[in-house]
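Welcome! Take a moment to look over the structure below, and then we will walk through a few of its residues together.

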Amino acid sequence: MSAALEWFRRTFAAPSMPEPAHAEKRAIDYAAAMNSRLTAGMSNYSLSANQEIYRSLRALRARSRELARDNAHAKKFLQMVETNVIGPDGIILQNKSGDYQGDGTLKLDMLANNLIERNWREWGKRGTCEITGKMSLPAVQRLYVRTMARDGEVLLRLVRDKRNRYGLTVQFIDSDRLDERYNDTLPDGVIIRMGIELNRDGKPIAYHILNQHPGDWMSRTDAQMQRERVPAEEIIHDFICDRPEQIRGVPWMHAAMLRLSHLGAFDEAAIIAARIGAAKMGFFTAEDGDISGLADGEDATGELMTEVDPGMFGVLPKGYDFKAFDPKYPEANYDGFTKACLRGIASGFGVSYNSLASDLEGVSYSSIRQGVLDERDAWKTIQSSVVDGLMTRLFSAWLEIALLRGAVGNLPASKLSKFRADTWQPRRWQWVDPKNDIESAALSVELGVKSRRQIAAEQGDDLDEVLLELQQEQERMRALGLVPENATPQTE
């Protein structure tokens with residue numbers, strides 16, 4: 001080593017940090033990573049997301065469906081998801097295709113947009129958009145988000161249908177038919193994980209779908225079970241992704257399912273205890289052990305018994321005694337325990353306790369308002385996921401096929417890229433405090449920090465439609481000789 005390098009090493013080398021004399025040397029510096037009796041129940045290793053899902057998916061999905069069938073709070077949660085994310089009218093298309101002008105502004109093609117929106121609504125009617133003919137497009141959206149919440153994922157197949165005017169229908173596929181037990185390695189770096197065929201980059205290229213539901217024992221035999229390889233272009237597979245490289249979804253209720261099951265069992269036990277406690281029962285005893293003299297008959301098992309009418313007091317003969325059976329119902333602890341459980345369950349569901357439990361006791365206006373606003377932000381996040389996962393892709397496939405078939409007026413298929421300018425208006429909610437919120441919106445417009453279009457969108461409305469309705473309303477009122485209240489007096 002040269003003298004210059006030796007000088008450089010001595011001058012710029014990082015100084016060593018000696019261990020404090022009183023410090024205990026240990027291999028792990030994070031307290032939560034230390035092994036002790038307090039952390040004995042915590043895991044020390046991590047599996048891949050797909051390995052964890054593979055080991056648990058079938059049981060999680062079955063138990064989530066059971067809770068959705070039989071548990072009132074799970075059913076309420078799914079109803080909240082369906083109602084708040086989709087609502088009665090569904091997620092509505094607002095197409096914004098147009099041509100850019102020399103100054104860079106976009107001039108909307110109202111004729112084309114109206115044609116596209118009208119035909120989209122026509123296709124979305126019951127009997128047209130869904131393959132069984134039983135659902136309209138809003139119903140498809142509601143089942144879509146309910147299935148994703150309950151099962152953790154949802155599968156739809158885009159089916160080209162020549163009998164359909166627009167050439168396209170959608171078909172729901174139960175996620176059980178995407179067999180998570182099917183795993184294989186194919187040539188050229190292609191792998192199959194839990195029924196999904198992936199390229200080297202982890203992008204789905206095909207889905208291997210069972211031709212029958214594995215749990216439908218009435219109409220299948222194992223010999224009839226076959227897999228169909230469906231290209232990824234025909235499948236919409238949507239789920240909430242929690243970890244990188246995740247390829248299957250898990251039920252949204254998974255973090256609260258165990259506590260929800262315990263609460264259901266507690267409710268059942270409390271109800272049974274209340275019934276037993278309300279029916280005052282007891283046992284007759286005798287010194288010689290023979291109570292046949294007091295028995296009215298026998299029960300189904302042959303045991304002696306006697307019945308007592310309400311409000312009746314009898315006198316026991318000499319030598320007999322009565323032992324009351326009066327179980328105490330834990331009424332003092334029921335409300336507190338139930339509320340504590342439901343608060344934890346609500347946190348696991350990502351909703352407010354007051355909404356899940358339908359309990360407004362002891363809440364103030366400001367607290368409930370803040371809770372509602374926070375919850376609505378969560379619903380908007382899910383709405384955005386549904387728009388990206390379902391609506392945008394579904395509209396793109398529908399528009400391409402419909403234009404090629406000449407089903408959207410005289411719009412040419414050559415301008416597909418222009419007409420594919422979909423924006424979506426999910427359901428919105430009424431203002432929590434209408435008077436103050438309207439005044440705040442008006443002030444925002446006056447200050448120039450918000451547009452009328454933004455405010456209309458926040459209420460689930462399209463400003464262009466609102467303005468058109470206002471114009472038609474004023475014209476109609478003038479035709480009837482009425483002066484609209486907001487009309488400007490005309491001066492001669």
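Asp188 is exposed, because its relative accessible area of 66% is over the 50% cut-off. In this predicted model, Asp188 sits in the loop that links strand S6 (184-185) to strand S7 (191-193). Its backbone deserves a look too: phi of Asp188 is near 65 degrees, a positive value in a residue other than glycine. Most residues other than glycine have a negative phi.

You will find Met194 in the loop between S7 and S8. Is Met194 buried or exposed? With a relative accessible area of 1%, Met194 is buried, because buried means under 20%.

The next stop is Gly202, in the loop between strand S8 (196-198) and strand S9 (204-210). Gly202 is partly exposed, with 40% relative accessible area. What is the distance between the C-alpha atoms of Gly202 and Glu245? They are separated by 7.3 Å, and the two residues are 43 residues apart along the chain.

Now turn to Asn95, which belongs to strand S1 (residues 92-95). Asn95 counts as buried, since its relative accessibility is 2%. Which backbone atoms does its side chain contact? A polar atom of the Asn95 side chain lies 3.0 Å from the backbone oxygen of Phe419. The side chain of Asn95 also reaches the backbone nitrogen of Asp422, at 3.3 Å.

Asp461 is in the loop between helix H12 (452-458) and helix H13 (463-479). At 37% relative accessibility, Asp461 counts as partly exposed.

| Residue | Relative accessible area | Class |
|---|---|---|
| Asn95 | 2% | buried |
| Asp188 | 66% | exposed |
| Met194 | 1% | buried |
| Gly202 | 40% | partly exposed |
| Asp461 | 37% | partly exposed |

Methods
Residues numbered from 1 in each chain as written. Predicted model: local features only at pLDDT ≥ 70, side-chain atom pairs only at ≥ 80, totals over all residues. Heavy atoms only, no water. Helix = DSSP H or I, 4+ residues; strand = E, 2+ residues; numbered from the N terminus. Buried < 20%, exposed > 50% of the residue type's maximum accessible area, 1.4 Å probe, protein only. Polar contact = N/O pair within 3.5 Å; in protein donor to acceptor, adjacent residues only side chain to side chain.
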